[in-house]
Amino acid sequence: MVIPITVLRILKRFRRIVRSVIFYSLILFLVILFIGAFVMYVIEYGKNPEFNNYFNAVWFVMETITTVGYGDIVPNTFLGKVVDMVIMPVGIAVISLLTASIATELTNVAIMRSMGQHTTSKGKHIVVIGDVDRALRVINVVIDLMNRKGEIVDILYLNNSDKPSSLPADVEFIHGDPFNTNDLLRAGVDKASTVVILPFNDSDVKTADAKVILLIMSVRKLNIDAHVIAEVLNEVDRDYALRAGANSVISLGSFTTIMIANEVFDRGLSSVLMNIINKGNLGLIKADEYVGSRFIDIMQVVKSKLNYLVIGIVRGNEVILNPGNDFVIQPSDSLLIIK
């Protein structure tokens with residue numbers, strides 16, 4: 001019998017809760033509260049008008065064991081006072097134990113979180129994995145783009161080293177081995193909307209790319225819906241990364257080579273392109289509302305409505321730049337625009 005990962009996680013959490021001091025303290029508290037209230041109700045009912053129902057008895061015991069003591073309800077009988085004298089110290093002791101247990105647990109959670117040893121509660125977030133320097137640069141650019149676009153997405157960084165001191169405060173850190181399934185689950189890879197996999201700081205390029213490809217396969221196994229973005233150092237490994245399950249693969253060497261070669265003939269082109277990319281002016285928008293329309297018509301509509309310049313169409317993995325005027329938009333197409 002195969003038990004889903006989410007069910008296993010719930011079962012482990014339930015087991016941990018049941019074994020905790022907080023759970024036993026809470027059970028003791030409820031026992032004293034309701035059984036003590038029942039005993040007081042039986043003793044005082046008919047002899048004390050303040051104990052005319054069970055709820056008032058519960059209210060009285062709650063006042064007693066929490067040391068609030070409003071004095072609005074008090075026992076009148078000798079036996080009731082004796083029972084209350086037992087409830088007082090026992091109840092106060094249990095309340096103190098429960099309070100101390102909760103405080104200890106909260107402290108432990110804070111310590112574990114600061115060390116990155118916790119399990120994230122996030123979902124639909126961005127998980128970044130890879131070399132610290134590369135990851136920090138990507139995270140900072142993502143945050144900058146989010147601020148410009150007015151969008152908010154949770155970001156989490158998973159790494160086997162200590163938490164980087166320069167990691168932005170609002171980025172969650174998980175200390176763990178990216179090649180360990182349990183640590184990937186602690187980072188919420190199975191619930192993430194986007195996973196960014198960057199090369200590690202290996203001296204051998206082939207080794208670095210092999211690790212990226214292995215991580216792509218691990219992430220894809222845990223989350224078939226996530227958009228996986230990967231970077232490889234060697235252009236020949238790009239196809240392997242795509243076959244492993246990545247949605248987008250960037251080869252830095254290939255990109256810079258093409259930029260340099262074009263700069264030889266079109267001087268200034270690289271600066272223009274880098275400015276467009278760095279300022280977040282290049283983007284994609286869904287073309288669902290334009291299905292069936294001609295490209296020339298869409299250019300005019302988008303320009304008048306959004307003041308965006310449509311320069312092409314993205315269809316699957318194919319980019320169609322400056323298609324013909326009569327090019328017709330199909331479902332699932334996206335518009336490549338410059339803002």
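In what order do the 4 strands of the open sheet with antiparallel pairing stand? The order is β7-β10-β8-β9, where helices (H or I, at least four residues) and strands (E, at least two) are DSSP runs numbered from the N terminus, and two strands pair if DSSP finds at least two bridges between them. The model is a predicted one, in which local features need pLDDT of at least 70 and side-chain atom pairs count only at pLDDT 80 or more, while totals for chains, interfaces and linings use all residues. Residues are numbered from 1 along each chain as its sequence is written, and side-chain values use heavy atoms, with hydrogens and water left out.

Confidence comes before the details. The pLDDT, which is the predictor's confidence in each residue on a scale from 0 to 100, averages 84 over the protein, and 87% of the residues score at least 70. The lowest confidence belongs to helix α1 (residues 5-18), with a mean of 54, and the highest to strand β1 (residues 126-129), at 95. Where pLDDT is low, the predicted coordinates should not be read in detail.

Helix α2 (residues 21-44) and helix α3 (residues 54-65) have axes that come within 8 Å and cross at roughly 125°; such axes are lines fitted to C-alpha atoms, for helices over the stretch in contact, and angles run from 0 to 180 degrees between N-to-C directions. The two helices, α2 and α3, are therefore oblique to each other, given that angles under 35 degrees count as roughly parallel, over 145 as roughly antiparallel, 65 to 115 as roughly perpendicular and the rest as oblique. Contact means heavy atoms within 4.5 Å, and residues of α2 including F29, L33 and Y41 meet residues of α3 including Y54, F60 and I65.

A second open sheet has 6 strands in the order β3-β2-β1-β4-β5-β6, with parallel pairing. Its edges are β3 (172-175) and β6 (248-251), each with a single partner strand, so one side of each is left without a neighbour in the sheet. From one strand to the next the twist averages 15°. Strand β1 is joined by 4 bridges to the parallel strand β2 (residues 155-159), and V127 stands opposite L156 in β2. Across β1, β2, β4 (194-197) and β5 (227-232) lies helix α5 (residues 132-149), running at about 180° to β2, while helix α7 (residues 205-222) packs on the sheet, touching β1, β4 and β5, with its direction at about 175° to that of β5.

In the antiparallel sheet of 4 strands, the edge strands are β7 (282-286) and β9 (318-321), each of which pairs on one side only, and the twist averages 30° from one strand to the next. Strand β8 (residues 309-315) runs antiparallel to β9 and is joined to β9 by 4 bridges, and the bridge partner of R315 is E318 in β9. Helix α11 (residues 295-306) packs on this sheet, touching β7, β8 and β10 (334-338), and its direction makes about 125° with that of β8.
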